Amino acid sequence: MRSKLLRNIHLGVKTLLLHKLRSFLTVLGLVFGVGSVIAMLSVGEGASREALDRIRKLGSNNIILSAVKSREDEAASTVRSFMSVYGLLYDDQLRVEETIPHVLRAVPVKLVRKNGILGERTLELRIVGTTAGWFELVKRGLVAGRTLVRRDIDEHSAVCVLTEYGARRLLATRHTIGQAIRIGGNCFEVVGIIRSEQGGGKIQTPDREIDAYIPISVCRERFGDVNIRRTSGSREMERVELHQLLIEADNIQTVQPVALALEAMLKRFHKKQDYQISIPLALLRQAEATKRTFNIVLGSIAAISLLVGGIGIMNIMLASVTERTREIGIRRAIGAKRRQIISQFLIETVVLSTVGGLIGIAVGLFIPWMITIFSGMPTVVTLYSLVLSLGISMSVGIVFGLYPAVRAAGLDPIVALRHE
Amino acid sequence: MSDLAKPDPSAAAVSTSQALVDLEDVCKTYLMGTEEVHALAGVSVSFEKGGFWAVMGPSGSGKSTLLNLLGCLDRPTSGRYLLNGADVSLLDDDELSQLRLRELGFIFQSFNLIMQLTVQENIELPLYYLGWEASKSAARARELADMVTLGDRLRHKPAELSGGQQQRVAIARALANDPWVLLADEPTGNLDSSTGEQIMDLLCELNSQGKTVILVTHEEHVASYAKRRLHLLDGVIDRIEGEDDAK
């Protein structure tokens, strides 16, 4: 039984090889159908996985409040020497901690740009004034030394923690720990190095930033709340107390109520809309929903392209049946049963569509690979997309091969024999 | 006694003669547009085992229709057709195929080889449908090709052979399943007279080995090879000539 099937397949392959170009053109539709399905799914999967990853890293229990310049200020800041005042307030942190239930911690973040000098190297740093809670919330590994602790903040110690990336740029090593780094005329003792975030830009640590984490109390004393930016002759001043407030809810169920309470609180104490609330959990849910929509769209495109491929196969097989009418007549006269004729033609289409599917998989693996190489976009080829598209292309072969095969078998042998 | 109580005409037919193929008042009617065409209008004849028959008649006399019926490619509109005792008119498509596969061998005017297949694969075709093992059917194909003196052409395609050689391949194919009956439709029609003679000699030899041969032709000298000649005219038997003018 098995050897007979193999023989039939062998026969089908041989027949198809008699018309190499035609067979190739027939499967081309399926090749690109399957190839594009896999490629699209892998790009989609890569993009959504990256987005989900990024959001997950923000922590699903977290809520991030960020300072944004309100729209009125944006317009006014074109005026010279205007000082724009916006952002989150120190009081906001206290209010959150004291009045909103289910908040595990509220971590303030204050950002300042200053030059840092370590040894003979001078680089612009992004100073992040924060508390010990930041390190508990972000959960990044230590490379060397220690993180900031409560005592540093309380005692206003002039200490700083660098990131792995920043340390590399500053030519700092584990031996740098204990040495002093000069930031904007002040000396800070380097007490630790933490890991940089992997991958692309993140909200807390945009890529390619050399971060120095210092106690927020020290940051406020030494650098104040006013930032001056000089851009081509004009000066821009802004007064921002806190750039971010990271809030961790005690569990995933309380994220939403906490977010609502935060919003109500901020609305009450801020006249302008100079803050923004982002909830990773909501983003995550949204991203998942987007992914679902995306998959449905891709699925429809895939279905259409495979349908087109299938119609191509049916078209060619019908032509082939007409062309081989006489052969069918001969086989029938010799004693082939209807279903043997059906299986002969069906095997040919299934072989065609399977080969098409396999070539399509090769194309589908190649395209995402090229995309990743040339555009740096992440792509993920999942096993299920391979199995799915091969399965679909094979069933396309069966579905669209059935009609021509049945038609071939339905021919009257006498008429078929007379066919020229 | 039970035979008397329930008369079985087919059993009776077999018992009365050595008939292998038995037609009883067979009619075949085609519908051409709205007009009925009686291709066969009541033909009764028995072809005995080991016979060599030529069916003759002008075109339109029903020769091809008769051969199609004999070859189980078609079913009679009315009447009975018994092949080796089995009533063909009662069989379904699969059973007809099975009958063609096991009992019959076809030889056509235009050879009807499959051009994409080699000589060997063409000869093996019936064996393939009979489900023979590859090695066994290859041996059988070689044996048959040797018999028709084409043992050295097994790997050739039909297009590389002459007409006479192609017809010999077709005969080898018709013999592959070791049939009772060889049905030949103008087997020499596409051949020149000397190759035609070779083919007819081959058919005579096969007949002498015990195969029943029924051939359709309109050429007198081809029909002269046959032991019996059945003349058709307008769908009915005009006359039967032969060695012992039976029937």
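Nine bridges hold strand E3 (residues 103-118) of chain A to strand E4 (residues 121-130) of chain A, and the two run antiparallel. Strands here are DSSP runs of E with at least two residues, helices are runs of H or I with at least four, and both are numbered from the N terminus; two strands pair if DSSP finds at least two bridges between them. This is a predicted model, where local features need pLDDT of at least 70 and side-chain atom pairs count only at pLDDT 80 or more, while totals for chains, interfaces and linings use all residues. Residues are numbered from 1 along each chain as its sequence is written, with chains lettered from A and ligands numbered from 1 in the order in which they are written.

Back to that pair: A:Lys110 sits opposite A:Gly129 in E4(A). E3(A) and E4(A) make a hairpin with two residues between them, and A:Gly119 in the turn takes a positive phi of about 60 degrees.

Zooming out, chain A has 14 helices and 13 strands. Of its 420 residues, 39% are buried, meaning that 20 or more other C-beta atoms, placed from the backbone, lie within 10 Å of the residue's own. Take the contacts in chain A between residues at least 6 apart in sequence: 81% join residues at least 24 apart. A contact means C-beta atoms, placed from the backbone, within 7 Å.

Now for where the chains meet. Chain B puts 18 residues into the contact and chain A puts in 16. On the chain B side, helix H4 (93-103) and helix H5 (119-130) each supply at least two residues, and H4(B) gives the largest share, six residues. That side divides into eight nonpolar, six polar and four charged residues; Ala, Val, Leu, Ile, Met, Phe, Trp, Tyr, Cys and Pro count as nonpolar, Asp, Glu, Lys and Arg as charged, and the others, Gly among them, as polar.

H5(B) also packs inside its own chain: its axis comes within 7 Å of that of helix H7 (residues 163-175) of chain B, crossing at roughly 30 degrees. Axes are lines fitted to C-alpha atoms over the stretch in contact, with angles from 0 to 180 degrees between N-to-C directions. So H5(B) is roughly parallel to H7(B), a label for angles under 35 degrees.

Note on methods: Contact = placed C-beta atoms within 7 Å. Parallel < 35°, antiparallel > 145°, perpendicular 65-115°, else oblique. Buried ≥ 20, exposed ≤ 12 C-beta atoms within 10 Å, placed from the backbone.
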